[in-house]
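Subject: Handing over a structure

Hi,

Here is the structure I promised to pass on. Have a look at it first, and then read my notes below.

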Amino acid sequence: MKYEMLVLDLDGTLTNSRKEITPATKQALIEIQEAGKKVVLASGRPTCGVVPLAKELELDRFGSYILSFNGALIIDCATNKPVYNKTLPREVIAPIFEYTKNYPGLDIISYENDCVISGIKVNEYTEKEMFINKMPVKEVDNFVEYLDFPVNKMLIPGEPAVLEKLMPELKRKFHSLLNIYRSEPFFLEIMPQKIDKANSLQKLLNSIGLTANSMICCGDGFNDVSMIEYAGLGVAMENAQPIVKEHADFITHSNDDDGILHVINTFMR
């Protein structure tokens with residue numbers, strides 16, 4: 001099969017434990033773009049948290065793509081224009097905030113340009129999100145009133161055991177409006193309904209005339225399962241969660257052993 005698109009999760013997949021792309025992997029990704037193939041950086045991160053890696057890989061020069069907020073927004077890097085954009089219903093923000101603040105130690109966050117907006121109190125998992133995205137935090141007094149602009153997602157960071165209690169309550173209340181799941185044990189994602197990486201990749205493929213069979217998707221986390229199942233070739237990293245490996249067609253090396261380079265050399269040269 002001739003694969004024309006390579007879709008990459010970032011943390012634990014493209015980047016190593018130091019949050020870096022190795023020189024060999026970077027060179028290989030530029031070379032396949034020079035050969036006409038497209039690269040998609042597909043992440044739960046906000047767009048500003050993906051842009052530095054997109055610049056490093058020269059996605060703008062080659063007309064490749066950023067898929068951010070777990071698929072709620074897709075940007076064509078050549079034009080910096082959205083290919084797809086889905087936002088949260090305005091009416092869910094206040095009740096989700098009220099549910100969240102009743103659970104001890106949780107924060108609720110969203111994003112504005114290059115800032116993380118914290119609505120309750122910054123905790124260690126808010127700080128982890130700041131570190132991952134290299135974005136500062138802005139603590140606001142009235143989270144609901146502050147979010148008076150279109151919001152692609154909210155995130156509830158906190159202790160896994162507390163999120164386990166909150167998640168089913170939110171799912172019962174908002175199942176018809178939202179997609180609610182954990183991307184990590186300590187991150188509860190609040191997404192527009194029917195938004196995941198696979199759904200959004202289908203929109204992108206339709207817009208550029210490709211099919212899922214021409215696409216390789218690589219990931220390591222819970223939120224990568226949908227795209228790994230959807231792809232013509234679904235790849236799990238050696239360091240992936242066990243359930244991700246169960247859904248993959250191929251298991252590559254770990255993110256600390258140039259696993260993405262191994263995929264490129266095996267299937268895209």
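A quick word on the ground rules before I go on. This is a predicted model, where local features need pLDDT of at least 70 and side-chain atom pairs count only at pLDDT 80 or more, while totals for chains, interfaces and linings use all residues. Residues are numbered from 1 along each chain as its sequence is written, and side-chain values use heavy atoms, with hydrogens and water left out.

**Around S11**

Strand S11 covers residues 187-192, and six of its six residues are buried (buried means under 20% relative accessible area, exposed over 50%, partly exposed in between, with a 1.4 Å probe and protein chains only). Strands here, like helices, are DSSP runs numbered from the N terminus (at least two residues of E for a strand, at least four of H or I for a helix).

Which strand forms a hairpin with S11? That is S10, with two residues between them. S10 (residues 178-184) runs antiparallel to S11, joined to it by six bridges. Two strands count as paired if DSSP finds at least two bridges between them.

S11 also pairs with strand S9 (residues 154-157), again in the antiparallel sense, over four bridges. Along that pairing, Met-154 stands opposite Ile-190, and Pro-157 has Phe-187 as its bridge partner. S9 is covered on both faces: Met-154 and Ile-156 are buried on one side, Leu-155 and Pro-157 on the other.

**The eight-stranded sheet**

There is also an open sheet of eight strands with mixed pairing, in the order S5-S4-S3-S2-S1-S12-S13-S14. S5 (81-85) and S14 (250-251) are at the edges with a single partner strand each, so one side of each has no neighbour in the sheet. Within the sheet, S2 (residues 38-42) and S3 (residues 65-68) run parallel and are joined by three bridges. Ala-42 has Leu-67 in S3 as its bridge partner.

**The whole protein**

In total I have 11 helices and 14 strands for you. The radius of gyration is 18 Å, close to the 18 Å that the globule rule gives for 269 residues, so the protein is as compact as a globular protein of that length. (That radius is taken over C-alpha atoms, and the rule is 2.2 Å times the number of residues to the power 0.38.) The C-alpha atoms fill a box of roughly 55 × 35 × 35 Å along the principal axes.

How much of the protein counts as buried? The figure is 56% of the 269 residues. Among contacts (heavy atoms within 4.5 Å) with a separation of 6 or more, 58% are between residues 24 or more positions apart.

**A few single residues**

Most residues other than glycine have a negative phi. Glu-58, though, has a positive phi near 60°, and Lys-194 has a positive one near 65°. Glu-58 lies in the loop between helix H2 (47-56) and helix H3 (59-62), and is partly exposed at 25% relative accessibility. Lys-194 is in the loop between S11 and helix H8 (197-208), and counts as exposed at 62%.

Lastly, Pro-242 is in helix H10 (residues 242-247) and is exposed, at 56% relative accessibility. From Pro-242 to Glu-159 it is 83 residues in sequence and 21 Å in space, C-alpha to C-alpha.

Cheers
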